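This report describes one protein chain from its computed geometry. The sequence and the structure come before the details.

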Amino acid sequence: FLAVNSVGILVGFRTAMAQGIDENMRTKIRHLGLPLSRRTFVCLDHLLHTVPPALLVSHLVRRRKRVPLLNIVYVIGLSTWFNFRQSGHLD
C-alpha cells in the first residue's frame with residue numbers, strides 16, 4: 001500500500017510542477033520566513049517526493065514481490081476522496 005501511495009503522490013506532484021505550482025509553493029514558503037533558491041527547492045522536492053517511491057519500488061522488485069491489485073484500488077479511491085475533500089477537481 002505504501003509503495004503504491006508513494007508513487008501516486010510522486011505522479012501528482014510531478015504533474016503539479018509541470019503546471020507551474022512550484023513557484024507558488026516557493027512564494028508561500030518564502031512568506032513563512034524560509035527563502036529557498038530554485039535549486040534548493042528542486043533538490044528538497046526530489047528528496048521528499050522522488051526518493052521514497054524509488055526506494056520502496058526497488059525494494060519490492062528486489063524481493064520479487066507483487067503489489068496486490070486491491071491496494072491499487074484502495075489508493076485510487078482514497079486519493080480521489082482526498083482530492084474532493086480538499087475542494088479539488090479531477091480535470
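V7 counts as partly exposed because its relative accessibility is 31%; buried means under 20% relative accessible area, exposed over 50%, and partly exposed in between, with a 1.4 Å probe and protein chains only. V7 is found in helix α1. V7 and P52 are 45 residues apart in sequence, yet their C-alpha atoms are 8.6 Å apart in space.

**Model and confidence**

This is a predicted model, in which local features need pLDDT of at least 70 and side-chain atom pairs count only at pLDDT 80 or more, while totals for chains, interfaces and linings use all residues. Residues are numbered from 1 along each chain as its sequence is written, and side-chain values use heavy atoms, with hydrogens and water left out.

The predictor's confidence in each residue, pLDDT, runs from 0 to 100. Its mean over the chain is 81, and 88% of the residues reach 70 or more. Confidence is lowest in helix α1 (residues 2-18), with a mean of 74, and highest in α4, with 89. Where pLDDT is low, the predicted coordinates should not be read in detail.

**Overall make-up**

The chain has five helices and zero strands, and its elements run α-α-α-α-α from the N terminus on. Helices (H or I, at least four residues) and strands (E, at least two) are DSSP runs, numbered from the N terminus. Of the 91 residues of the chain, 19% count as buried.

**Helices α3 and α4**

The expected span of a helix is 1.5 Å times one less than its number of residues. Helix α4 (residues 51-62) has twelve residues and should therefore span 16 Å; its end C-alpha atoms are 16 Å apart, which agrees. Helix α3 (residues 38-49) also has twelve residues, and the distance from its first C-alpha to its last is 16 Å, close to the expected 16 Å.

Which residues of α3 are buried? They are F41, D45 and H49. These residues lie on the same side of α3 because they cover an arc of only 40 degrees around the axis; the arc is that of the directions from the helix axis to the C-beta atoms. An α-helix has 3.6 residues a turn, so residues three or four places apart point the same way. The face of α3 turned away from the buried side carries the exposed residues R39 and L47.

**Nonpolar patch**

L44, L47, L48, V51 and L55 make a nonpolar surface patch of about 460 Å². The elements that give two or more residues to this patch are α3 and α4, and α3 gives the most, with three residues. L44 is found in helix α3 and is partly exposed, with a relative accessible area of 38%.

Patches are made of residues with over 30% relative accessible area and no salt bridge; like charges are joined within 9 Å, and nonpolar side chains (Val, Leu, Ile, Met, Phe, Trp, Tyr) within 5 Å. Accessible areas come from the Shrake-Rupley method with a 1.4 Å probe, and for residues only the protein chains shown count as cover.

A search of the whole structure finds one salt bridge, defined as a side-chain nitrogen of Lys or Arg within 4 Å of a carboxyl oxygen of Asp or Glu. R26 forms this bridge with E23, and the closest N and O atoms are 2.9 Å apart. R26 and E23 are separated by about one helical turn because they are three residues apart in helix α2 (residues 21-31). R26 is buried, whereas E23 is partly exposed. R26 and F41 are 15 residues apart in sequence and 7.4 Å apart in space, C-alpha to C-alpha.

**The residue R64**

R64 is found in the loop between α4 and α5 (69-85). R64 has a positive phi of about 55 degrees although it is not a glycine. R64 counts as exposed because its relative accessibility is 77%.

The table sets out relative accessible areas.

| Residue | Relative accessible area | Class |
|---|---|---|
| R26 | 13% | buried |
| E23 | 35% | partly exposed |
| L44 | 38% | partly exposed |
| R64 | 77% | exposed |
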